[in-house]
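User: Could you walk me through this model? I would like to start with the strands and then move on to the side chains.

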Amino acid sequence: MTDLPSSVMTDVQNGNISFFNVNFHYFIFVHSNNLELHSTVYTTWMKQHGGVIVNIIADMWKGFPGMAHTGAARAAVDNLTKSLAIEWAASGVRVNAVAPGTIFSKSAMENYKELGPTLFKMSVTFSPAKRLGVPEEISSAVCFLLSPAASYISGATLKVDAGQSLYHSMWEIPNHSSWPESPDGENLDALKDLLNPQSKL
């Protein structure tokens, strides 16, 4: 299912109840399946042997206007992360989460179709880094939380968002290029093409 921005009240007022219901039931489905998956992994292996779980949520700390259904699901998984970190601690299980900010990837761009370029370009303004992240920057955080270097971290949500979750419009951050570039790869190449299209002439 593609998450496209749409106000819940707009959907209800326009009679698009089915759209809202689909998303609401999708939220329930994802949440219950997530819990079932965690429980299966725990009972079949981690209860006896320990282990590490890293959930991926989102930057939904100030609400998720336009995508309330997915914001609610991510908030639920954030709470699940904290709850299971305590419940399963005695079995040697660490449970953490990573909350990415706006992350550009070629597949995400394709997923949002014609809305993609506008959404991603607009998002640069709201990043204190004045650039978007790429998946490689999220995988690094996940690998850290899975590693022995994070052996004393559990129940935490690591925000990988260049401070985006803290930033709001009352504090002006001028355009800059002071942050290091994203790691090289096809996602960075595609992002550069999006933000600075080169003339083919």
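**Strands, contacts and a pocket**

Analyst: In this predicted model, both faces of E2 are covered: Val93, Val95, Ala97 and Ala99 on one side are buried, as are Arg94, Asn96, Val98 and Pro100 on the other. Eight of the eight residues of E2 are thus counted as buried.

User: What share of the 201 residues in the chain is buried?

Analyst: Buried residues account for 37% of the chain.

User: Which strand does E1 pair with, and how do the two run?

Analyst: Strand E1 (residues 51–56) is joined to strand E2 (residues 93–100) by six bridges, and the two run parallel. Within this pairing, Asn55 has Ala97 of E2 as its bridge partner.

User: And how many bridges join E2 to E3?

Analyst: Four bridges join E2 to E3, and these strands also run parallel. Pro100 stands opposite Val160 in E3.

User: What is the handedness of the unit made by E1, H3 and E2?

Analyst: E1, H3 and E2 form a β-α-β unit that is right-handed.

User: How many helices and strands does the chain have?

Analyst: The chain has seven helices and three strands. Their order along the sequence is α-α-β-α-β-α-α-α-β-α.

User: Switching to charges. How many salt bridges are there?

Analyst: The count is four salt bridges, taking a side-chain nitrogen of Lys or Arg within 4 Å of a carboxyl oxygen of Asp or Glu. One of them joins Asp78 to Lys82, with the closest N and O atoms 2.9 Å apart.

User: Where do Asp78 and Lys82 sit relative to each other in the helix?

Analyst: Both belong to helix H3 (residues 68–87). Because Asp78 and Lys82 are four residues apart there, about one helical turn separates them.

User: Is Asp78 buried or exposed?

Analyst: Asp78 is buried, with a relative accessible area of 10%.

User: Which residue does Glu137 bridge to?

Analyst: Glu137 forms a salt bridge with Arg131, and the closest N and O atoms lie 2.7 Å apart. Glu137 counts as partly exposed, with 22% relative accessibility.

User: What about Lys192, which residue does that one meet in a salt bridge?

Analyst: The side chain of Lys192 meets that of Glu181, with an N to O distance of 3.4 Å. This pair links distant parts of the chain, 11 residues apart: Lys192 is in helix H7 (residues 186–195), while Glu181 is in the loop between strand E3 (157–160) and H7.

User: How accessible are Lys192 and Glu181?

Analyst: Lys192 is partly exposed, with a relative accessible area of 36%. Glu181 has 53% relative accessibility and therefore counts as exposed, the cut-off being over 50%.

User: On to the second largest pocket. What is its volume, and which residues lie nearest its centre?

Analyst: The second largest pocket holds about 390 Å³ of space. It is lined by 18 residues, and those nearest its centre are Lys130, Arg131, Glu181, Leu195 and Asn196.

User: Which element gives the largest share of the lining?

Analyst: Helix H7 gives the largest share, with four residues.

User: How does the lining divide by residue type?

Analyst: The lining of the second largest pocket has eight nonpolar, six polar and four charged residues.

User: You mentioned Lys130. What is its phi?

Analyst: Lys130 has a positive phi of about 55°, although it is not a glycine. This residue lies in the loop between H5 and helix H6 (135–146). At 12% relative accessibility, Lys130 is counted as buried.

User: And Lys113, where is that found?

Analyst: Lys113 is found in the loop between H4 and helix H5 (116–125). Its phi is also positive, at about 55°, and Lys113 is not a glycine. Lys113 is exposed, with a relative accessible area of 55%.

User: Last one: how far apart are Lys106 and Ala190?

Analyst: Lys106 and Ala190 are 84 residues apart in sequence, while their C-alpha atoms are 6.5 Å apart in space. Lys106 lies in helix H4 (residues 106–111) and is partly exposed, with 33% relative accessibility.

Definitions and conventions. Residues numbered from 1 in each chain as written. Predicted model: local features only at pLDDT ≥ 70, side-chain atom pairs only at ≥ 80, totals over all residues. Heavy atoms only, no water. Buried < 20%, exposed > 50% of the residue type's maximum accessible area, 1.4 Å probe, protein only. Pairing = 2+ DSSP bridges. Right-handed = clockwise from strand over helix to strand, strands pointing away. 1 Å grid on protein atoms, 1.4 Å probe; cavity = no way out; pocket = protein on both sides within 12 Å on 5 of 7 lines; lining within 4 Å. Points joined across faces, edges and corners; volume = space filled by probe spheres on them. Nonpolar A, V, L, I, M, F, W, Y, C, P; charged D, E, K, R; others polar.
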